[in-house]
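Visitor: I'm new to this one. Could you walk me through how to read it, a feature at a time?

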Amino acid sequence: MNSPLQNNFQIQIESLHLFEFQDFITKLFMFRYGAENYISPRDIKDKGADGIIRDRNILVACYGPKKINKNRYIEKIVGDFESYSDNWESQYKNWMFVTNNDIPEYAISKINSLKEDTIQIGIKNILQFIDELPNHQRRELGKYLNIDNTLFALDYLKEVIEDLLKDASFTKKNIVYKKQIYFPEKVRLNFKEADVESILIEFDSYFENGVFDEIESLLLGYEDEDFEKLKHRIMYDFDNYSESFKDRLRRLTDYYLIKYSSENDDDYLYYVRAVIIYFFEQCIIGKKTDKENDTTTSRN
């Protein structure tokens, strides 16, 4: 089943017609194949090409119909192929037909009759291409399609957690979690007084926006071993720094941001910071209050 975000991508892409769809494919393929490797239609200017993937010897033809009509669909395929065979086949041996719908069986048969090895890309392929992009590029495509920012929240959190698990290898016995009622005391123990208010405001933002609930919901879906790897990955990385707690938190956040996303990805920054603050709140990093120490001792 598609997520709400995937469904919105599909709805928006299927609503693109003619040059709107062609422009979207140009943006998507520049991300997928590289801006220097993908030649857009405006750089080709003639002879019916909608794009070229240089290192794969592929000429791209796009079709975003306002309505699916069998005769028109076949006419489009034949016309695009004739333009390709007359003007480009000697230079680019591969032909790609890209459309924003599920390619009908009659269209598949027609394409195969013209060129059996044609690469056929429909809406499901396009959605898979989007899923495979780095988070900041997927986010940029979402902005391009006017998709609601809130739909990216869960996807961001999933990616943050999966990224952190990539290099995790530490295991230890499980710790039972619950929201800590003494969080303000814990903040004062780890931060300078001048920073306490801003940390509490940040914490309240994650809590009120439901980000911590989403993190807990996601973590419940992992096996205990993966959960432990994630906890101890964060503990291990955090212990690599020796500055003040505030600076160690910042350094750890920047490290994950640069390693797994982009320095300019504000959304990824927000959610990776939320995951780290969550584990701080749950006593995994930082000095513990007397109540936390007593609780930990009783568990052991």
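Guide: Let's go from the whole chain to the sheet, then to a pair of helices and a few single residues. Keep in mind that this is a predicted model.

Visitor: Okay, the whole chain. How many helices and strands does the chain have?

Guide: The chain has 15 helices and five strands. Its length is 300 residues, and 48% of them count as buried. Taking contacts between residues at least 6 apart in sequence, 68% join residues at least 24 apart.

Visitor: Now the sheet. What holds strands together in a sheet?

Guide: In general, strands pair through backbone hydrogen bonds, and the pairing is either parallel or antiparallel. Here you have an open sheet of five strands in the order 1-2-3-4-5, and its pairing is mixed. Strand 1 (38–39) and strand 5 (119–121) are the edges: each has a single partner strand, so one side of each has no neighbour in the sheet.

Visitor: Which way do strand 3 and strand 4 run, parallel or antiparallel?

Guide: Strand 3 (residues 58–63) and strand 4 (residues 94–99) run parallel, with six bridges joining them. For a spot to look at, find C62, which sits opposite V98 in strand 4.

Visitor: Which helices lie against these strands?

Guide: Helix 6 (residues 123–131) packs on the sheet, where it touches strand 4 and strand 5. The direction of helix 6 makes about 80° with that of strand 5. Helix 4 (residues 70–87) lies across strand 3 and strand 4, and runs at about 150° to strand 4.

Visitor: Can we look at one residue of helix 4? Is D80 buried or exposed?

Guide: D80, which is found in helix 4, has 10% relative accessibility, so D80 counts as buried. Leaving out residues up to four places away in sequence, D80 touches A61, C62, W95 and F97.

Visitor: Next, helix against helix. What describes two packed helices?

Guide: Two packed helices are described by the angle between their axes and the distance between the axes. The crossing of helix 9 past helix 10 is right-handed.

Visitor: Which residues meet there?

Guide: From helix 9 come F183, P184, V187 and R188, and they meet E193, V196, I199, L200 and F203 in helix 10. Sorted by class, this contact has seven nonpolar residues, two charged ones and no polar ones.

Visitor: Last one, backbone angles. Which residues other than glycine have a positive phi?

Guide: Among them are L18, with phi near 50°, and N57, with phi near 55°. L18 is found in helix 2 (residues 18–33), while N57 is in the loop between strand 2 (52–53) and strand 3.

Visitor: And how accessible are L18 and N57?

Guide: L18 has 57% relative accessibility, so L18 counts as exposed. N57 has 30%, so N57 counts as partly exposed.

Terms used: Residues are numbered from 1 along each chain as its sequence is written. This is a predicted model: local features need pLDDT of at least 70, side-chain atom pairs count only at pLDDT 80 or more; totals for chains, interfaces and linings use all residues. Side-chain values use heavy atoms; hydrogens and water are left out. A crossing is left-handed if the near helix is turned anticlockwise from the far one by less than a right angle, and right-handed if clockwise. Helices (H or I, at least four residues) and strands (E, at least two) are DSSP runs, numbered from the N terminus. Contact means heavy atoms within 4.5 Å. Ala, Val, Leu, Ile, Met, Phe, Trp, Tyr, Cys and Pro count as nonpolar, Asp, Glu, Lys and Arg as charged, and the others, Gly among them, as polar. Two strands pair if DSSP finds at least two bridges between them. Axes are lines fitted to C-alpha atoms, for helices over the stretch in contact, and angles run from 0 to 180 degrees between N-to-C directions. Buried means under 20% relative accessible area, exposed over 50%, partly exposed in between (1.4 Å probe, protein chains only).
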